[in-house]
Amino acid sequence: MLYVVITFLWVSLWFYLLFGGADFGAGILELFTRAHNKDRTRRTMYRAIGPIWEANHMWLIIAIVILFVGFPKIYATMSTAMHIPLIIMLLGIIARGTAFAFRHYDAVVDDMQQVYNRIFTWSSLITPLFLGIIAGSTVTGKITQQPKDFLEDYVFSWLNWFCVAVGCFTVAIAAFLAAVFLIGEAQGEKDKRRFIAKAKTANIAAFIAGALVFFASLYQHIPLLDWIFANPVGIISITAASLSLILLWYLLSKGKVKILPVLAGFQVTMILLSVTYIHFPKIVLLKDGGYLSLLEHEATGKTIDALGAALLIGSLFILPALFYLLYSFRKSANRTKA
Amino acid sequence: MDNFIAARSQMALSLGFHIIFSCIGMVMPFFMAVSHFIYLKTGNTLYKNITRAWSKGVAIFFATGAVSGTVLSFELGLLWPAFMEKAGPIFGMPFSLEGTAFFIEAIALGFYLYGWDKFNKWFVWATGVVVGISGLLSGILVVAANAWMNNPKGFDFINGEYINIDPIKAMFNDAWFSQALHMCIAAFAATGFAVAGVHAFMVYRKKNIRFHAAAFKIAATFAAVAAILQPLSGDISAKNVARLQPAKLAAMEAVLKTEAAAPLIIGGIPDTATGQVNYAIRLPGLLSFMAYGDMHHPVKGYDQIPKEEQPPVMVTHFSFQIMVALGIFMLLIAVLYLIIILKKKSWQNKTWLLRLFMLATPMGFIAVEAGWTVTEVGRQPWIIYGIMKTRDAVTPMPGIPYTFYLFTAVYISLSAIVVFMLYRQIKMVGKLYDNSDNEALTFSHDLH
Ligand code: HDD
Ligand code: HEM
Ligand code: HEM
């Protein structure tokens, strides 16, 4: 059962990165869209994510619940050490979720829309930035279970080059996913070309941010390359991601967009797989050289069994319903487009 | 403000904020389902418009409820890491089931809000009902988690270790049923009176009377039934508290001295130094009777509770009184309203009735907040009753007062925006949903 629970944890993080990421990315793209195009970007986005945006963010809650029920020590340590970035991320989540609903459901359309839009786009950038920062902090080896010094243990544990670089990488990935997903949603050639250009820019940004992560890891003596290339899964997934990147650029330049979302999703999946596989089961590296492990710091007693059973039963309900939601809105969106 | 007080205040603020949205989120779908049902059966577009207008309100509330709930699931760890480290595996069962319920709710809401005109109309209606049922289920589950803090079951506590953990037993603790029942009814009463009050006000102002009168009737009927059941379930709750948490009962009722035939104390200012409750009305033997069904059953007072285990009596007692007083007032309005719709239809549009409902608009929610204050403050100094002190659970992170101020500012601004949006929603009813006041203006607006 422990492996069932861990699988669900991974899958919820994966789905959150893909769907939640694309969601954030749509806001980021809007932020970097020229004023006269903003409105069309926004409308395309509503059509694409409107019905499922609430569900996209449930993956984060599932991951958190799995952590605090199944791996309470990891949850408690992380939420103490990462207090400040978590607070900022939460403010981002509050601002973004409410602004999204407000701008869509406000009965009067007036200048308030500008306010909602600004809040929405900026929080779309800040939230994944801090998500990435927190993710990066798990492997920098600066987290401690006995925090003493405020700056050292509560601030520099996440405010360092490596974590910030991972944050930027996350932002770029989110924007890239969104751009690729939106190409298929575009109405008309002009918008399609616009999103293709955005996808290219975001991809380059992700590449640069990835390089930053690499340099920061050198600077902070984090053996990133050793981790990735010391095992076959890391090598295979990074190679597969690179190869598909070439294919992706080729298809982008040809304007063949049908399978692009699958390719982009595949790349992101490979990256997540390679970085999580290396560390499994040591999910948090601690300052004192120790670690928190999914296989050693799990809950005791019948908790894991009950949690696993709850997740399995839950997914019997959720997955078909979610699939049907996606499927039927895809169908009706295609119909309106045609 | 020290860290500990700030953490408690921030927790209370976040929960007190969230509960308003979660109540509305779990009850409004039922109102909508009724109105939608009438429309589908009769084809009367008035009810279609009510359903559409309400569904926009619900979308706003749902989003706010979702983000404030997300904040909570992190805040438990941000503020009480030591508590979550021990309690997570024990009381986590309802939370993991709740995850499924929330998910179903979010998916069904996607269908309901965006699927109108796209799918079979009864399918859309059914997804609305699913939203309500899964919302109600999540309410029940989360309250079961809270009930565990009041009645920790499902583990053995030996030498400071939590062993033999059984999360299923923990979920079905002795407090979950009475709390969940009470909470669900409270949600219906609070939301019902709030919605009815707003529509009563619009009828009173003679705006879109047909629309608002029909909406009022649906909400007021739900509210009335719930308000009549509320004191009954409250009585079950009180008897349960007497059995499981005598210190909380003493705080609620301001029982400073143990007495054989304890009086019910109404009002008054409890003074723990002298052991007196000044300026109070006393109804002899009634508390013994209400808590234990026996006029002469002794009720444990503060004199028999160790000083360091006494909950704050002032806050608990007053909150309890406020809740009960409002509960009784709502009960009276409810009885009156039911008599009117069953026997005295001619009173239905009397101004005084509308005024009465306008007066009751905030009452349910005030009672909800007061009720939770009773539950939470009355459990102090324990975070897990009898097992872990709240003080030992707080985060070591310094500077919590600042995050408390920050969150206070955020929640105040959010509340202001939500009220502002609601105001605009109601103001636009004439244009978007019901132009009977203004027939000359032919306004055909795409409802989506
Ligand atoms: C762990 C933290 C936590 C706590 C203590 C609570 N909640 Fe909550 N709540 C969430 C975590 C959460 C959430 C997981 O974050 C949700 C899920 C998705 C969402 O709508 O927010 C949420 C939403 C949510 C919803 C659906 C919201 C809607 O339809 O608008 C309901 C009905 C409740 N909650 C009910 C409650 C009640 C009655 C509570 C108190 C007694 C309560 N929650 C405390
Ligand atoms: C399932 C639901 C709930 C859970 C799991 C929960 C959990 C907690 C926790 C962990 C604390 C901090 C520790 C403590 O002070 O004991 C707390 C405090 C508090 N909560 Fe709740 N709570 C829930 C519902 C609510 C609701 C809906 C309210 C509404 C107002 C509320 C009001 C408060 C208050 C006022 C405090 C501060 C009490 C004090 O410190 O004196 N709670 N709660
Ligand atoms: C006159 C009747 C009422 C009585 C006798 C009553 C009794 C009680 C009692 C004894 C508790 C504490 C339970 C505990 O700590 O576990 C409680 C809590 C609570 N009450 Fe009431 N109550 C009444 C009316 C209301 C009304 C009208 C509302 C709101 C609409 C309400 C909402 C709540 C809530 C939300 C709680 C906290 C949740 C819970 O613990 O169940 N109550 N009530």
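## Basis of the model

Because the model is predicted, local features are reported at pLDDT of at least 70 and side-chain atom pairs count only at pLDDT 80 or more, whereas totals for chains, interfaces and linings use all residues. Residues are numbered from 1 along each chain as its sequence is written, chains are lettered from A and ligands numbered from 1 in the order in which they are written, and side-chain values use heavy atoms, with hydrogens and water left out.

## The interface of chains A and B

In this model, 61 residues of chain A are in contact with 61 residues of chain B, contact meaning heavy atoms within 4.5 Å. Between them the two chains bury about 5700 Å², with carbon and sulfur atoms giving 79% of that area; buried area is the accessible area (1.4 Å probe) that two parts lose on being put together, summed over both. Across this interface there are two salt bridges, a salt bridge being a side-chain nitrogen of Lys or Arg within 4 Å of a carboxyl oxygen of Asp or Glu. Lys302(A) pairs in this way with Asp166(B), and their closest N and O atoms are 3.5 Å apart.

The count of residue pairs in polar contact between chain A and chain B is eight, both residues being at pLDDT 80 or more. A polar contact is a pair of N or O atoms within 3.5 Å; within protein, one must be able to donate a hydrogen and the other to accept it, and residues adjacent in sequence count only if both atoms are side-chain atoms. Several helices of chain A each supply at least two residues of the side that touches chain B, among them H4 (58-70), H6 (83-105) and H14 (303-337), where helices (H or I, at least four residues) and strands (E, at least two) are DSSP runs numbered from the N terminus. H6(A) gives the most to this side, with 15 residues. By class, the side of chain A that touches chain B has 43 nonpolar, 13 polar and five charged residues; Ala, Val, Leu, Ile, Met, Phe, Trp, Tyr, Cys and Pro count as nonpolar, Asp, Glu, Lys and Arg as charged, and the others, Gly among them, as polar.

## The two domains of chain B

Chain B is divided into domain 1 (3-252 + 312-446) and domain 2 (256-299), with bounds that come from an automatic or database domain assignment. The C-alpha centres of these domains of chain B lie 32 Å apart, and nine residues of domain 1 are in contact with 12 residues of domain 2. Together the domains bury about 850 Å², 65% of it on carbon and sulfur atoms.

Between domain 1 and domain 2 of chain B there are zero salt bridges, while five residue pairs are in polar contact, both residues at pLDDT 80 or more. On the side of domain 1 that touches domain 2, helix H7 (209-244) and helix H10 (313-342) of chain B each supply at least two residues, and the largest share, five residues, comes from H10(B).

## Iron sites

The only protein donor of the iron atom of ligand 1 is NE2 of His18(B), at 2.2 Å, and His18(B) lies in helix H1 (residues 3-42) of chain B. For the iron atom of ligand 2 the single donor from the protein is Glu376(B) (OE), 2.5 Å away, a residue found in helix H12 (residues 363-377) of chain B. Donors are N, O and S atoms within 2.8 Å of the metal (3.2 Å for Na, K and Ca), and water is not among the atoms, so sites may look incomplete.

## Backbone details

A cis peptide bond, with omega about 5 degrees, joins Gln380(B) and Pro381(B), and Pro381(B) lies in the loop between H12 and strand E5 (382-384) of chain B.
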